[in-house]
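Here are my notes from going through the model, written as numbered points. Have a look at the structure first, then read on.

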Amino acid sequence: MSGARTYDVVVYGATSFVGQILCKYLVGRHGVDGADGDLRWAIAGRSASKLDEVARSTGADVPVIVADAADRAALDEMAASTKVVASTVGPYALYGSELVAAVVEAGGDYCDLTGEVQWMRRMIDEHQTRAAKTGARIVHTCGFDSIPSDLGTWFTQERALEQFGEPCSEVRMSVKGAKGGVSGGTAASGMQMFEEMANDPELRKVVSDAYVLAPVDMRTGPKQPGMARPTRDDRFESWVAPFVMAPTNSAVVLRSHALLGQPWGREFTYGETMMTRDGLAGAAAAWGMTAGLAAFAGAASFSPTRKLLGKVIPKPGSGPSEAKQAAGFFDLRFVGRTASGQEIRTKVTGDADPGYGSTAKMLGESAVAFLDLDPADVGGGFWTPASAFGDALIERLEAHAGVRFDVV
């Protein structure tokens with residue numbers, strides 16, 4: 001990273017729902033620049049008046065940068081002024097591409113909350129070579145998509161190596177429990193992805209490919225579990241249903257495995273599900289969840305019904321109340337099995353709404369983690385949470401963000 005930078009971190013999209021939560025978190029965690037703060041940070045977005053309101057409501061008495069997502073000159077200036085950009089502006093496929101390009105040219109660091117695999121694939125293919133030259137380090141999916149899955153797999157593998165002296169050749173994750181609301185920004189990102197797939201039928205194949213995010217020369221491998229049908233899974237002693245975030249999370253985990261040099265073996269497989277419960281009630285719940293997910297996906301795939309869904313899903317800028325965020329949680333269970341038949345069980349838990357309260361804390365810790373990341377260890381390019389940060393981010397999350405990683 002060349003040249004002096006005015007800021008350590010710029011929060012881009014500070015006026016978004018998650019952006020405001022992130023600002024509150026950074027104020028509580030680091031204070032404000034020029035007062036009691038240990039972090040030089042600023043907030044950015046397209047509206048000066050809205051940014052001023054966010055500063056007032058969140059206590060983020062920090063510099064304000066006005067930069068529209070389509071104004072490349074403003075984005076270039078902002079990217080050159082900071083070591084790290086943390087972006088909450090979605091749908092990223094609509095509003096995130098110019099910012100990534102600006103950070104790559106500035107040779108800075110960048111993290112976001114996207115789960116839009118089609119957009120991440122485009123960014124990797126368009127900018128990986130240039131990022132490697134400028135030293136820019138890009139880490140997508142630094143929220144509930146996909147830190148718990150990615151670092152949870154990393155943690156499971158590290159403990160397996162300690163206990164058994166060999167990695168797990170397969171890891172499965174299932175959501176034991178979660179409670180939280182849906183924000184308008186997340187809903188809009190999902191609708192954008194369905195719209196892109198409707199306009200480009202070939203994109204559906206790309207998105208459904210487990211290796212969609214793998215490096216160009218590593219986009220094949222063993223067959224992965226994919227979106228599972230309802231079944232009783234002996235690993236979890238429960239009926240399980242498809243997990244809506246599994247395609248994104250699985251693609252990120254497999255990219256981590258590739259970037260790390262396939263340390264878990266060339267035949268490594270990973271899959272995700274969602275637990276219901278055991279017995280007939282669990283079976284009924286699993287089939288019901290699957291039917292509901294299929295119905296939603298079907299409706300979102302066609303323009304007329306997608307427009308109807310757009311009228312009932314939350315609008316961008318909206319989301320769960322602070323009370324609901326605080327009452328939220330998540331509990332993810334991992335089972336890893338080695339080639340010799342050894343088994344390890346781990347869990348990743350969070351103490352707040354997974355998509356917003358916990359997600360904002362994860363993004364904040366990821367952004368600051370860049371500041372301690374040695375370029376000699378992690379050079380320019382598109383990384384994942386596990387391949388960029390590994391244990392260092394786990395330590396941050398456990399110490400400050402209410403996220404725990406445990407062997408069970």
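1. One cut-off before anything else: a residue counts as buried when its relative accessible area is under 20%, and as exposed when that value is over 50%. Keep in mind, too, that this is a predicted model.

2. Thr141 sits in the loop between E6 and H7. Its backbone deserves a look as well: phi of Thr141 is near 55 degrees, a positive value in a residue other than glycine.

3. Glu237 belongs to the loop between E8 and E9. Is Glu237 buried or exposed? With a relative accessible area of 59%, Glu237 is exposed. As background, most residues other than glycine have a negative phi, and most peptide bonds are trans.

4. On to the peptide bonds I'd check by eye. Gly90 and Pro91 are joined by a cis peptide bond, with omega about 0 degrees. Pro91 lies in the loop that runs between strand E4 (82–87) and helix H4 (92–95). There is also a cis bond between Asp145 and Ser146, where omega is about 0 degrees.

5. What is the strand order? Going across, it reads E8-E9-E10-E7-E11-E12-E14, an open sheet of seven strands with mixed pairing. Strand E8 (231–233) and strand E14 (403–407) are the edges, each pairing on one side only. From one strand to the next, the twist averages 35 degrees.

6. Strand E7 (residues 168–179) and strand E10 (residues 269–275) run parallel and are joined by six bridges. Val171 has Tyr270 in E10 as its bridge partner, and Met173 stands opposite Glu272 in E10. Strand E9 (residues 238–242), by contrast, pairs with E10 in the antiparallel sense, over three bridges. There, Ala241 has Met274 of E10 as its bridge partner. How covered is E10? Mostly: six of its seven residues are buried.

7. The helix packing I'd point you to is H3 against H5. The axes of helix H3 (residues 72–81) and helix H5 (residues 97–106) come within 8 Å and cross at roughly 45 degrees. H3 and H5 are therefore oblique to each other. Their crossing is right-handed. On the H3 side the contact is made by Arg72, Leu75, Asp76, Met78, Ala79 and Ala80, and on the H5 side by Glu98, Leu99, Ala101, Ala102, Val103, Glu105 and Ala106. By class, the residues of this contact between H3 and H5 come out as nine nonpolar, no polar and four charged.

8. Last, Arg56. You'll find Arg56 in helix H2 (residues 48–58). At 59% relative accessibility, Arg56 counts as exposed, because the cut-off for that is over 50%. Arg56 and Asp331 are 275 residues apart along the chain, and their C-alpha atoms are separated by 34 Å.

Technical notes:
Residues are numbered from 1 along each chain as its sequence is written. This is a predicted model: local features need pLDDT of at least 70, side-chain atom pairs count only at pLDDT 80 or more; totals for chains, interfaces and linings use all residues. Side-chain values use heavy atoms; hydrogens and water are left out. Axes are lines fitted to C-alpha atoms, for helices over the stretch in contact, and angles run from 0 to 180 degrees between N-to-C directions. Helices (H or I, at least four residues) and strands (E, at least two) are DSSP runs, numbered from the N terminus. Angles under 35 degrees count as roughly parallel, over 145 as roughly antiparallel, 65 to 115 as roughly perpendicular and the rest as oblique. A crossing is left-handed if the near helix is turned anticlockwise from the far one by less than a right angle, and right-handed if clockwise. Contact means heavy atoms within 4.5 Å. Ala, Val, Leu, Ile, Met, Phe, Trp, Tyr, Cys and Pro count as nonpolar, Asp, Glu, Lys and Arg as charged, and the others, Gly among them, as polar. Two strands pair if DSSP finds at least two bridges between them. Buried means under 20% relative accessible area, exposed over 50%, partly exposed in between (1.4 Å probe, protein chains only).
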